[in-house]
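Visitor: Hi, could you walk me through this one? I'd like to start with the strands.

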Amino acid sequence: PVHQDLAGKRVVITAGPTREALDPVRYLSNHSSGKMGYALAAACVERGASVSLVSGPVTLPIPPGVNRIDVTSATEMLAAVESQLPCDLFIGCAAVADYRAAAVSEHKLKKTDADSGLTLELVRNPDIVATIAARPDRPFTVGFAAETQSLETHAGSKLERKRLDLIVANDVSREGVGFGSDDNAVTLLWKTHDQIRHLELPLQSKAALAGAIVDHIADRLT
Ligand code: C5P
């Protein structure tokens, strides 16, 4: 039996990609599988938390005991997260699209006869994890950072810029980790007394890794 160290806690987690419509049949998105966020949701339920999982389009089953809220775009994801507040812990694990179309075409975009290309105008999406971390009633807020170089420098600056309590940094250039994979290896970064501290969690299944990440969070929540 797992220690119920999150009993009575409300947890909100984002997972998967977002999909940003261009027209009625096309969208911008990414390859996020949602596996890490779903594993975190399952790990939190196992420890007695009440979990809302705000999920972009993925093909994973709902982990038992999890309240899944399906969304498509980043704007919808932010609204769904806000609808679940207040909470004790927010984990932003989704691969949120940074941009969306400035205007979604009502009809299918047509190609022109000319050989000229097509220019799409994009606007920035809200940063969900930073928005939640900036609230006066902020929960303990955890973000992810997928990097291909200078992992700790980039993740450390994200930790500060987004005002997170913890960041889970992922070197996605490594073989067998990250997007779509069943395994992952990460470094946790957080700040105590103005010092950045880190803990490396070695390559293991996303389920085992979710348990190790939640161990660290539960210690700091209580
Ligand atoms: O800045 P970057 O996208 O690398 O940051 C990744 C972290 O920020 C992840 O926790 C991701 O879920 C979150 N994020 C977000 N909203 C965005 C972009 C990223 O919550 N629009």
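Guide: Happy to, and keep in mind that this is a predicted model. Let's begin in strand β11, where L188 is the bridge partner of V168.

Visitor: How do β10 and β11 run, parallel or antiparallel?
Guide: They run antiparallel, and four bridges join β10 to β11, which covers residues 183-192.

Visitor: And which residue of β10 is the bridge partner of F144?
Guide: That's V168. Strand β9 (residues 140-147) pairs with β10 in the parallel sense, over six bridges.

Visitor: What does the chain cross through from β9 to β10?
Guide: Helix α4, residues 151-161, and this β-α-β crossover is right-handed.

Visitor: Switching to the ligand: which residues come nearest?
Guide: G92, A94, P126, F144 and K158, out of 13 residues around the ligand.

Visitor: F144 again! What does the ligand have 2.8 Å from a polar backbone atom of F144?
Guide: An oxygen atom. Another pair puts a ligand oxygen 2.6 Å from a polar backbone atom of G92, and a ligand nitrogen is 2.9 Å from one of I128. The protein covers 85% of the 450 Å² of accessible area that the ligand has on its own.

Visitor: Last topic, helix α1. How far apart are its end C-alpha atoms?
Guide: They are 16 Å apart, which agrees with the 16 Å that twelve residues should span at 1.5 Å a residue. Its buried residues include M36, Y38 and L40. Just after α1, G48 takes a positive phi of about 95°.

Technical notes: Residues numbered from 1 in each chain as written. Predicted model: local features only at pLDDT ≥ 70, side-chain atom pairs only at ≥ 80, totals over all residues. Heavy atoms only, no water. Pairing = 2+ DSSP bridges. Helix = DSSP H or I, 4+ residues; strand = E, 2+ residues; numbered from the N terminus. Right-handed = clockwise from strand over helix to strand, strands pointing away. Expected span 1.5 Å × (residues − 1). Buried < 20%, exposed > 50% of the residue type's maximum accessible area, 1.4 Å probe, protein only. Near = heavy atom within 4 Å. Polar contact = N/O pair within 3.5 Å; in protein donor to acceptor, adjacent residues only side chain to side chain. Areas by Shrake-Rupley, 256 points an atom, 1.4 Å probe, with all protein chains shown as cover.
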